[in-house]
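Here are my notes on the model, as numbered points. Please read them with the structure open.

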Amino acid sequence: MSFSKERLLELYKSMVTIRTFEETAAELFANGEIPGFVHLYSGEEATAVGVISQLEPQDYIASTHRGHGHLVARGGDVALMFAELFGRQTGYCKGKGGSMHIADMSLGFLGANGIVGAGLPLAAGAAFACKYQNNNGVAVCFFGDGASNRATFHEALNIASIWKLPVIFVCENNMYGISMSQERHQNITDVADRASAYGIPGISVDGNELFAVYEAAEEAIRRARQGEGPTLMECKTYRYRGHFEGDATVYRCEEELQSWKLKDPINRVKKRMIEMGVFSEEENQAIWAEVKTIVQKGVDFAKNSPLPDEAELVEDVYCD
Amino acid sequence: MPEMTYSEAINAALREEMQRDPKVYILGEDVGIFGGCFGVTKGLFEEFGPGRVIDTPISETAIIGTSVGAAAAGLRPVPEIMFMDFMAVCLDEVFNQAAKMRYMFGGRAKIPMTVRTVCGAGFGAAAQHSQSLEAWFTHIPGLKVVMPSTPADAKGLLISAIRDNNPVMFIEHKVLYGTSGPVPEGEYTIPLGKADIKREGKDVTIVATSMMVHKALAAAETLAAEGIEVEIVDPRTILPLDKDTILQSVAKTGKLVIVEEAVKFGGFGGEIAAIVTEEAFDLLDAPIKRIGAPFVPVPFSPVLENAYIPSAGSIVNTVKSLG
Ligand SMILES: Cc1ncc(C[n+]2csc(CCOP(=O)(O)OP(=O)(O)O)c2C)c(N)n1
Ligand SMILES: [Mg+2]
């Protein structure tokens, strides 16, 4: 893999945007400004960016309850995202979805999803549509280690394997489903092992290493586009924050969290780029500052946006 | 008009829509080479090939889940769930995904999917292959629910369902598959949300769905011989419901009997009764009566199954009890 300087900066900035978005959302939530459930993605940025940065406009993404990072990586508009988190009329879903249902059909983003594991068959279906229409599109489905125990996982992988669908199943194994550690919820350490049950490739990578994710995704996407069928890709990672905002994380210890922070996905890319002479620490600071301004603008947009009109309650249920 | 069976009419609708629109495809368990468990999709595999008439593994969740994803991505899937009872296996995909995506996404998605499935007792198929579960679906905003009672309705309504941009539950009745009736020649559609008066009368309104329309028609013959003229309203689509036609009929007769094959408690008939009570209490000359199945699973033995299914006799007695 060789990347141009521009490309590296683009990937890096995408990760920084996700982190900044999430940490800002955490603050706003703590201040009581965001209603409902918020599941944050901090610590898992390399997965979203490593995969999504390689997609084409005609491709699809099915996301999860922890979905902000996926949409940011797809080029989603952070202002519309914040407006949705705030329940505003200007939000991605006019305030009807919130964090758990953000979608952008124009980006092929089939939505975050409040139902764990629901995205797998949806993504397989979008991949089916690509194949049916012969448009060279692929679909990517993100899901957690917890979701890999759901029936949808089995049915979607099986059907995708027999239909040779252009779909990449990306398991974000952050080692927990809420409080349930992986060793308590499944008798395997690599979710990727399950691929063999469907006769498809399964690969497990360091999900905190952008380039490892990138390389694995590159091959999975190539396979999908060339009609070779689905891949199960597992990215081992860790969420820094609680399962949702407000979670006291009694099920894990501080040392574990700190040990993962030493493997921070953004720091690792930064170090490498400084070593490679792609940018200086100063330029790094400038990127964070620039992103912060964009994110802050998004928050301001959201805060200054109108709330939905009550009359909108009954709109958008049916299509004409 | 040529005669066709209910099953042939559905088959014709599928064929015509697949010929008209390349985005329409069907999928389900044994719908291809085998022609469907009830033979409804016979010949389609031969005509359209394995790319558009797709045999699936026994994976109801994936059948509906992939259909929702494909519909969101621009296709018009027509999945079949072999028995309505099996919908329990894929309800998330219907309730939480298909039905809600449009609303959750602020009106920025459409899911043009028609789920064909089969309800009804009368086959000795017992508790897990005979239920009428339509009320589950009418409780979910975002869905449409269709229950045709005749071949002509089945064809016209299925074409409308496939062309509709919303997820539609198209509920066929297994006992009706072999029944025949006139079906108009050429292309025609029946709008979703429009009831049909299956028999006119001035004395009592009977609202009946699916197989119960035929039970009501049989009861009407008996009652006519005794001088009671019933009017039979077949909603055809129970979501959206054509309230106006029901209320107009009640305005004429002043009496209402609702007949459904589903378990009466919690059934859709209760909704119709509530609507008429709330909106037209003054029109009523007698209490509304509901006829439905008892609060038990569908039994196997023909004797018990017969006792379970609402009968023409019980409709006759109920109508007469109104005086
Ligand atoms: C079908 C379903 N069951 C349970 C839940 C409640 N729930 C929300 S997130 C979650 C844990 C998911 O774990 P995982 O798939 O590993 O994703 P992560 O949260 O770790 O990103 C659970 C149990 C749900 N939303 N949907
Ligand atoms: Mg997890």
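This is a predicted model: local features need pLDDT of at least 70, side-chain atom pairs count only at pLDDT 80 or more; totals for chains, interfaces and linings use all residues.

1. Residues are numbered from 1 along each chain as its sequence is written, chains are lettered from A and ligands numbered from 1 in the order in which they are written, and side-chain values use heavy atoms, with hydrogens and water left out.

2. **Ligand 1, polar atoms.** A:Arg66 places a polar side-chain atom 2.8 Å from an oxygen atom of ligand 1. A:Asp145 also has a polar side-chain atom 2.8 Å from an oxygen atom of the ligand. From A:Ala147, a backbone N or O atom lies 2.9 Å from an oxygen atom of ligand 1. On its own, ligand 1 has 580 Å² of accessible area, and the protein covers 72% of it. Those areas come from the Shrake-Rupley method with a 1.4 Å probe; for residues, only the protein chains shown count as cover.

3. **Ligand 1, pocket.** Ligand 1 sits in the largest pocket. To sit there, more than half of its atoms must lie within 2 Å of the pocket's grid points. A pocket is an open set of points on a 1 Å grid over the protein atoms alone, where a 1.4 Å probe fits, with protein on both sides within 12 Å along at least five of seven lines.

4. A:Asp145 and A:Asn174 are 29 residues apart and link distant parts of the chain. A:Asp145 is in the loop between strand 2 (139–144) and helix 6 (151–162) of chain A, and A:Asn174 is in the loop between strand 3 (167–173) and strand 4 (176–177). Helices (H or I, at least four residues) and strands (E, at least two) are DSSP runs, numbered from the N terminus.

5. Are A:Asp145 and A:Asn174 buried or exposed? A:Asp145 counts as buried because its relative accessibility is 1%. A:Asn174 counts as buried at 6%. Buried means under 20% relative accessible area, exposed over 50%, and partly exposed in between (1.4 Å probe, protein chains only).

6. **A side-chain pair in chain B.** B:Asp153 belongs to helix 6 (residues 151–163) of chain B. With 5% relative accessibility, B:Asp153 counts as buried. Its side chain makes a polar contact of 3.0 Å with that of B:Arg236. A polar contact is a pair of N or O atoms within 3.5 Å; within protein, one must be able to donate a hydrogen and the other to accept it, and residues adjacent in sequence count only if both atoms are side-chain atoms.

7. **Backbone points to check.** Most residues other than glycine have a negative phi, and most peptide bonds are trans. The bond from B:Leu239 to B:Pro240 is cis, with omega near -5°. B:Pro240 lies in the loop between strand 12 (237–239) and helix 8 (243–253) of chain B. A:Asn136 has a positive phi, near 70°. A:Asn136 is in the loop between helix 5 (119–133) and strand 2 of chain A, and is partly exposed at 43% relative accessible area. B:Ala126 also has a positive phi, about 65°. B:Ala126 is in the loop between strand 5 (114–119) and helix 5 (134–138) of chain B.

8. B:Ala127 lies in the loop between strand 5 and helix 5 of chain B. B:Ala127 counts as partly exposed, at 30% relative accessibility.

Conventions. On a 1 Å grid over the protein atoms alone, a cavity is a set of points where a 1.4 Å probe fits but cannot get out, and a pocket is an open set with protein on both sides within 12 Å along at least five of seven lines; lining residues have an atom within 4 Å of a point.
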